[in-house]
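Open the model in your viewer and keep the sequence panel beside it. This tour tells you what to select at each stop and what is there.

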Amino acid sequence: TMPVYIVASRDDHIVPWRSAYRSTRLLGGDMTFVLGASGHIAGIINPPAANKYCYWVNDKLAAKPGDWLERATQHPGSWWTDWARWVAGHAGASVAARTPGKGKYPALEDAPGSYVQQRIG
C-alpha cells in the first residue's frame, strides 16, 4: 500500500531493466516506474547538472515491459528531476535542520567524529 518509485537502467547488466519492471507486478499502492538510459552505474548516478542521457516514463503500467517502453515518453537529462518531483508530492512539509547537541541528546564530539579515523585489522 506504500507509494513506490522504481528506477532501472536500460543497459544495466546486473539488474536487467525488464527484471526490475517485474516489481510492478509484485508491489501494490501508488507505483511509478522510470527507465534511465545507460548502464548500471552511469544510468543511476547521472546527475541533473551533467545534462546527459535521458529517461522514459509511462503512467500506465503494462503487463509486459516491452509494451510499457513502446508507449513511454522519453525525456532529456537525468531521471533524478522526475524523482525530485515525485518525492516532493509524498514527503510532506519541510522542517528546519536540527542543531547537533541541542535537544534530548548531547553531541558526542565535533564532526566528522573519531570513529572515521579508526582502522580495522
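**Stop 1: the whole chain.** Show the surface. The accessible surface of the chain is about 8900 Å², and carbon and sulfur atoms hold 56% of it. Such areas come from the Shrake-Rupley method with a 1.4 Å probe; for residues, only the protein chains shown count as cover.

Some ground rules before you zoom in. This is a predicted model, in which local features need pLDDT of at least 70 and side-chain atom pairs count only at pLDDT 80 or more, while totals for chains, interfaces and linings use all residues. Residues are numbered from 1 along each chain as its sequence is written, and side-chain values use heavy atoms, leaving out hydrogens and water.

Now switch to the C-alpha trace. Along its principal axes it spans about 55 × 40 × 30 Å. The radius of gyration of the chain is 19 Å, but a compact globule of 121 residues would be near 14 Å. That radius is taken over C-alpha atoms, and the globule rule is 2.2 Å times the number of residues to the power 0.38.

How much of the chain is buried? Buried residues make up 30% of the 121 residues. Buried means under 20% relative accessible area, exposed over 50%, and partly exposed in between (1.4 Å probe, protein chains only).

**Stop 2: the cartoon.** You get five helices and four strands. From the N terminus, the order reads β-α-α-β-α-β-α-β-α. Helices (H or I, at least four residues) and strands (E, at least two) are DSSP runs, numbered from the N terminus.

Strands of a sheet pair through backbone hydrogen bonds, either parallel or antiparallel. Here, two strands pair if DSSP finds at least two bridges between them.

**Stop 3: strand 3.** Select residues 54-57. Strand 3 runs antiparallel to strand 4, joined by four bridges. Three bridges join strand 2 to strand 3, also antiparallel.

Click W56. Its bridge partner in strand 4 is Q74. W56 is also the strand 3 partner of L35. Next, click C54: its partner in strand 4 is P76.

Are the faces of strand 3 covered or open? Both are covered: C54 and W56 on one side, and Y55 and V57 on the other, are all buried.

**Stop 4: helix 5.** Select residues 80-91. Contact means heavy atoms within 4.5 Å.

Pick D82 in this helix. D82 counts as buried because its relative accessibility is 9%. Its side chain makes a polar contact with the side chain of Y5, at 2.8 Å. A polar contact is a pair of N or O atoms within 3.5 Å; within protein, one must be able to donate a hydrogen and the other to accept it, and residues adjacent in sequence count only if both atoms are side-chain atoms. Not counting residues up to four places away in sequence, D82 touches Y5, V34, Y55 and V57.

**Last stop: A111.** Find A111 in the segment after helix 5. A111 is exposed, with a relative accessible area of 76%.
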